[in-house]
Every structure is written in structure tokens, then in C-alpha cells.
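User: I am new to this structure and would be grateful for a guided reading. Please take my questions one at a time.

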Amino acid sequence: MKPTLLFCLFLFIPLFLNAQTIKGKLIDHRTKQAIPLANLALADKDHPTVIKHTNSDTTGFFEFIDLPNGKYILSVTLVGYQKTQKELWINENSLKTIDVGDILMEEDTNLLQEVTITGGAPNFSTKNGQIKIGIANNVFFKSASNLLDVFKKLPGLQVNEDGTILMASRATPTLFVDGKPANMNNDEIISYLSSLSPDMVESIEMINQPSSKYDGEYQGIIDVKLKRNQSLGLRGTYNVRFQRNNYSLLDNNLSLVLKTNRFVYDLRLGNTSGSTFYKYYSLQYLANTNAMTTDTRTITSNQNFNVQARVTYEVKKRQNLEAFVRTYQMDRNAVSGNQLLTQTASLDQTTALVKSDNYALPKQYNYSGGLNYDAQFKNSELHIITSLTQIDNRQTEDIQNRNVLNNQLLNYWKTDSRNSIMIHVAQADYSQKIGKGKLEYGGKFAHTKTQNDLRYDTLANNVFDLDPKRSNQFRYQEYIGAGYLSYIGQSSKFNYSLSLRAEHTHTIANSITTGSITEKKYIKWLPSLNITYAINESEQLSFSYTRRLTRPTFALLNPFRFYYSPRHYWIGNPYLQPSTTSLFALSYSRKSLNISLNAGKETDPMGRYPEYNPVTNELIFLGRNLPHRKFANLQVGTPITINKWWRMSNNVTVYYTKELTPYFGATYEIPIYNYMVNGSQVFTLKNWILDVSYTYESKSGNGLYIMAPVYGIDFGVQKAWLKNRLNTKLTLYDAFDNIKRRLIFREKSIINNDFYHYFASQRLVFSLTFNFGSSTYKARENKKSEEENRAN
């Protein structure tokens, strides 16, 4: 697709229609404090159909924009308060902005006195199949030490011990911050989420089925909405987190926001120091009837820094220009000890023992910057995003393999690797209000350039010489041009959206080492559809369909060996094809209750499956496309209030998956059923909050592996001090030290292997958050013990 075709999308001339804005603020009638995260609905008075939904922010402020002339009913609901309604009339003589002022909310004393089980937090709402969860002032997250811990409690979300995040479809979601993609790698995302305390986040929106408006690779989206500072002046937050398990880890984070009449300055500083622990253990019975035990233990010391700076300039009312820079500096020292113990099948006699020591110095230097422009006009919006990102990975290794039985040095390697990635992105999105509908269109261009150089030097005759069999040079370039067209409309009680996206991809993979160049060009059409039926103001039914795209990364394409241990390595495949996924979803929500059924089929899914070499006893993991994968899941989740001091939140997800897996002349298509339960029991005792969180994953797997069940229980306690400026939290994670990811190969006649990964998840964490400066959130939070009871 030519870039010029993308810009043709922006030649549409908008038609400006008469529209007004309604704004106001919610106030507690008795305390005169602001009420955050209440549910507001605007309905047509003559035809009782909800036109728009919104939530008040953490200052109690709300706003409805782009409203045509008409008579409206504004409804405000929040558990703990009486329902409030207000009639509004907009005509051609109305002001452009109608300020309804302060809306006083009365307590619902009957509800506060109930001791029966009732629906829970108003901080939970759904709209068009998207889940929105309020975080600040939500009692369920008060004892969480950071936002990564909050993610573990969200419905349909799984956070693994290594920090990877999976949605119900087993896809990795893309992180957004304030409506924009964060464009961070996994290490940066973990660092960023760990730096945010729950008090710094207004809400989280989970989009399980992104429409065609979003990039085809976005299988799911988690949008983190940070608190807005409405007052002038300086506001700051300091957060420190100390973790202790096998080793100690310390996180320090400082956030400063300065707001003037036209400028907002935002600075975030972070530092991580200390060590983490990882263990890999495997028992494999070999072709010669011997058994080989692999025991790898890695201690990684960290000295990491991150800096984010952002300046927002208000060009004119509702038009902002934003510039940002970001850097992430990772300096690690990873010491790995590996033992390969070969014994007889009865495990009573040792035939060989090889010890491997690996001293690695991984470093990563990430730099990113860009300009963003956001404008809201009478009936239209324009958003422009540009960014430039450079990621530089460097690593040296010193690897020695020694026969312990005779103390003989078997081999000695030194490695020096450098991986450089440069990413250019430009994106523009435009929306135009047309009656009660909205037309959206936009385009994006992205260019990624990757250089990978890996040098192995092997000791021979007391001299280190280049090892051409292991050294590697690989170059990869990717060009993506995309455009989309979407229409959002309304008819009676129905809301619907229909969109179509086209993405053209051009890739060039150049393996200098093997002398091969692989070039691909393809275009993918990605439609989406969403229909939502509003049964009433608090109850809705939604159906959606979307088609998504997954491209292979450069690491999956690089046709070279990357070693886990001396006899375990994986190899990339330059001929991997992108996969496409068709997703269907049906969801029902009533207040805080959400039930969703998701199903889909992925064509050409990319997998990495092992091949065992009985001669060398090597286990080789090869990347390849499988024919297809079918999956489905059913999610049920709701918070429940038992009484004023006891609340619970429980989420249950049932999974089904079936992969068609050709393997060693046979085809495996094994249906897998499993379930996951996670939740929290939260007790509010005066000014203390006690939290017992739990998760259980049943026996699961895929076409080749059986995965053992796993469970974990966390205990947390939270207390606020100094009029809620200071918050302290103490949490014991994985109290029974049970979280290990154990996998067993199904076909023991091919590979008889049983292994597990352990990330030392049992740990004691103390965190402290201190808020200072002119904060608009202090007054609301001062009434924590009482107002949180009402808000939940």
C-alpha cells in the first residue's frame, strides 16, 4: 500500500453541526467532598434510550461533549448513594458549554445498613463489551503494592511469575497509557507497572476484542488512565518498595507534576537495585535408557534506571501539543550455574556429571521520544502520534563446561552480542460526529530496523578463536502501512460499530551468516463488528466479532542457535508466516456482574516445539507454524459486599483449546479443558485493610505438554497515615511457596521429559507511598474509611 493512499483518508472535509457540552461536579451532600468514579448516563427524555455513559474522575468532575439539541435525563448512580436524576434541555439558544454546577449526592442509609450479600463496587462498569475498573479509592486494590499486583486481581487476566501477561484468549495484551500505546518492551512494562501505586491510577479499561481502529497486532488492550491534576501547582508522589525472598530487591520511584495555566510538566524517575532468582529443573529419560537431570539456577543482580519526561502545552481550549522523552537503562549481572547429571534409569548410579558456569553481563539502553497533538472541535476530533524509539541490547558471556568426575575442562566459550532496534511510527486518527453517529478513519506507518550480531569465541590450544558455527549476523526490516474506516451509530436501544482495517506488510530478513535473504509482502483485511443492546440503564448485552493479525518477531525469524544450556537451544525460522485470528464474543453485564463468552480460531499459529536428538542428547526447540488453534473461554466475575467491613471479589474462567499439531509423523489434536479461579477477601477494620488474595489454575496443557495445577495465596495489610498522605503496605506473596510451572511431555515414547520453572515467587514486600504538594485528591481520600465503604 502506497503511503500516499493512507493520507488520502484525511482529505474528508468535516461538516460542523451544532453541538454543546454538559459538565459538572459530584459532591457528597454531608461532607461536601468530591465523589469520584460514579456512573453517569445521559438518556433521551422522549425516547428512553441511553445515549452516552461516563464516569466522574477522581476530582468528581464529569463531562459530556458533542451533544445535539434535545431533552435529556441525566442519571447518577453509585452504591452507597441514592440515585440522582436531573432534566436538561439543549436548544439553539443554549450556551456552548452548559455547566450544571455541583450535584449533591445523598447517602443511601438503607443500603449502608444492609448485611445481606449485594452487588459490589460501582468502580466496575461495562460498555460495548469493554470493562472499566476504578482503581484509586477501590478497597479491593488498597493492599496491592503496585499496579502489577492490581493486574493479578482483574477478571480474565493472568500475570505469570516472569511478568508476562495473558488475556483469556491466551494473547498478550498491549499496554496503553491515557489512550495511547506505551511502546515499551516487556522489561520496561514490568518496571513501569511496578512504579505505579494504585493511588496514582484513576481507572483501567480492558478491551478484550479491539476493533479495526487499532493495530491488527493488538490482540487485547489494557488502557491505564492516570489521575488528572486539575489544580495549579506542584503535586508529587514518592513510592518505595522493598522485596525479600532468596535475595533483596529495592524499587524507588518519584513522580512530579507541575501544572500552570497553559503548561503541564510531568517527570518520573525510577531506580531498581538488588537481585532476583530463577531455577529450571528437568528430568529426562534418554534413548540409551539413562536419565539426565538438568538443574539451572540463575542469580541476576540489577542496577536499572528509568526516566520519563513529558510537557503538554494547551495551544487553545481543547487543543494540546505534547512532547515526551523516555529512557530505560538496564545494567545486570547474571550468574548461572548448571548441572547436567546423567544416571542410570533407576537414578542410583552416576555415569556423568557436567557443570556449566555462565557469567553474563546483559545491558539494555532504550531511548524514545515523540510529539503528540490532540484536538477536539465542535463535532470532530483529531489525534496525531509520532515517535522514534531506539533499543540497544548488549551482552557478554563467559561460559565454562567442566567434567566434575575428573575435573576436566570440556569447553570454554566467550560471547559478545549486540542487538539494535530502531522504530519509527507516525499515526493520525480523525473522528466526525454525524447526527447521533460518528465516522472515524485514520492511518499509520511504522518502520522497524533490527541488527543482530553474535560472536562466539571458543578456547582451543589456549587461544580463543572465532567459532563460525555459533556466531551469527542477522538483519531484519519491516515496513507497515495501515488504514481504517469505522462508523459508530445508534438505533433505539442498540449501539453498533462497524469497521474495516487494511494492513500492508513488507519484510526483509537477511541472514548474513547463512547467506540467505527472505523477503515477504502481504496485505491483510481486518473487519470488526460490535452490537450492544441496552436492556436498561444498568444492564446490557453485547456481541462482537473481530479479526486480528500476529506477525513473527525478528527473534522468531533468526535462523540461528540460542542456548538455554549446553544441550538445550532454540532455532528461529525465517519462513514463518503471520497468523490470523477470528474472535467472537458475547457478553452480559448487570451493574458489577459481568459474564462473557469468547471463542475463536487462529490460523497458522506460531509455536516452538522440541525435537530430541538421541545421538547427542540435545533438545532442540524449533519455531514453526501449526495448521490452526481453536479456543473458547467463559468468564464470570463480580465484586460482592457482605457487610460494611467484609467484601469479596471472585472471578472464574473456564478455558477450552485444541491445536492441530503435526509431530514426528503423527497429528495430535487433543482438546484441553481447564479453569482458573482468582479473587480476594477484603476486611476493613477501623483504619486497617486486610486482604487475602488467591489464585488456582487447574491441570491444563496443549497438544504436546501436560501442565500441572498450581495455586498461590497472598496476605496483605494496608494502613494510611498523616491524613492519607502516607500509605504503607505489607504483603506476603505465595505464602506456601507453591507456584512452580511444571510441564510433562505427553508422548513419553518420543521425549520422556518432566520439568518446571521457578521464579522464587514467595516473597515479603513492604511498600510506602507518600503524596505531597497541592493535590486535588487529598480531600476525597481523607474520608477513606467511611467513603470507601460507600464506594464499594
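User: Is strand β4 (residues 61-67) largely enclosed by the rest of the structure or open, and how many of its seven residues are buried?

Analyst: This is a predicted model, in which local features need pLDDT of at least 70, side-chain atom pairs count only at pLDDT 80 or more, and totals for chains, interfaces and linings use all residues. Residues are numbered from 1 along each chain as its sequence is written, and side-chain values use heavy atoms, with hydrogens and water left out. Helices (H or I, at least four residues) and strands (E, at least two) are DSSP runs, numbered from the N terminus, and buried means under 20% relative accessible area, exposed over 50%, partly exposed in between (1.4 Å probe, protein chains only). Strand β4 is largely enclosed by the rest of the structure, because the number of its seven residues that are buried is five.

User: Which residue in β4 is the bridge partner of K23?

Analyst: Two strands pair if DSSP finds at least two bridges between them. Strand β1 (residues 20-28) pairs with β4 over five bridges, in the antiparallel sense. The partner of K23 in β4 is E63.

User: Which residues have the most contacts inside the largest nonpolar core?

Analyst: A nonpolar core is a set of buried Ala, Val, Leu, Ile, Met, Phe, Trp, Tyr and Cys residues joined through side-chain atoms within 4.5 Å. The largest one has 34 residues, and the elements giving two or more residues to it include α3 (147-151), α4 (186-195) and β15 (201-207). Apart from it lies another core of 20 residues, among them I35 and I103. In the largest core, the residues with the most contacts are L147, F151, L154, L193 and I204.

User: Leaving aside neighbours within four places in sequence, which residues is L193 in contact with?

Analyst: Helix α4 is mostly covered, with eight of its ten residues buried, and L193 is one of the buried ones. Contact means heavy atoms within 4.5 Å. On that basis, L193 touches N146, L147, L148, F151, I165 and L175.

User: With which side chain does K444 form a polar contact of 2.3 Å?

Analyst: K444 is placed in strand β25 (residues 437-460), and its relative accessibility is 12%, so it counts as buried. A polar contact is a pair of N or O atoms within 3.5 Å; within protein, one must be able to donate a hydrogen and the other to accept it, and residues adjacent in sequence count only if both atoms are side-chain atoms. The partner of K444 is D215.

User: What distance separates the C-alpha atoms of M292 and S282?

Analyst: M292 belongs to strand β20 (residues 291-316) and is buried, with a relative accessible area of 1%. Its contacts beyond four places in sequence include S282, L340 and N617. M292 and S282 are ten residues apart along the chain, and their C-alpha atoms are separated by 8.0 Å.

User: Is N407 buried or exposed?

Analyst: N407 lies in the loop between β23 (380-403) and β24 (408-434). Its phi is near 55°, a positive value in a residue other than glycine. Most residues other than glycine have a negative phi. With a relative accessible area of 55%, N407 is exposed.
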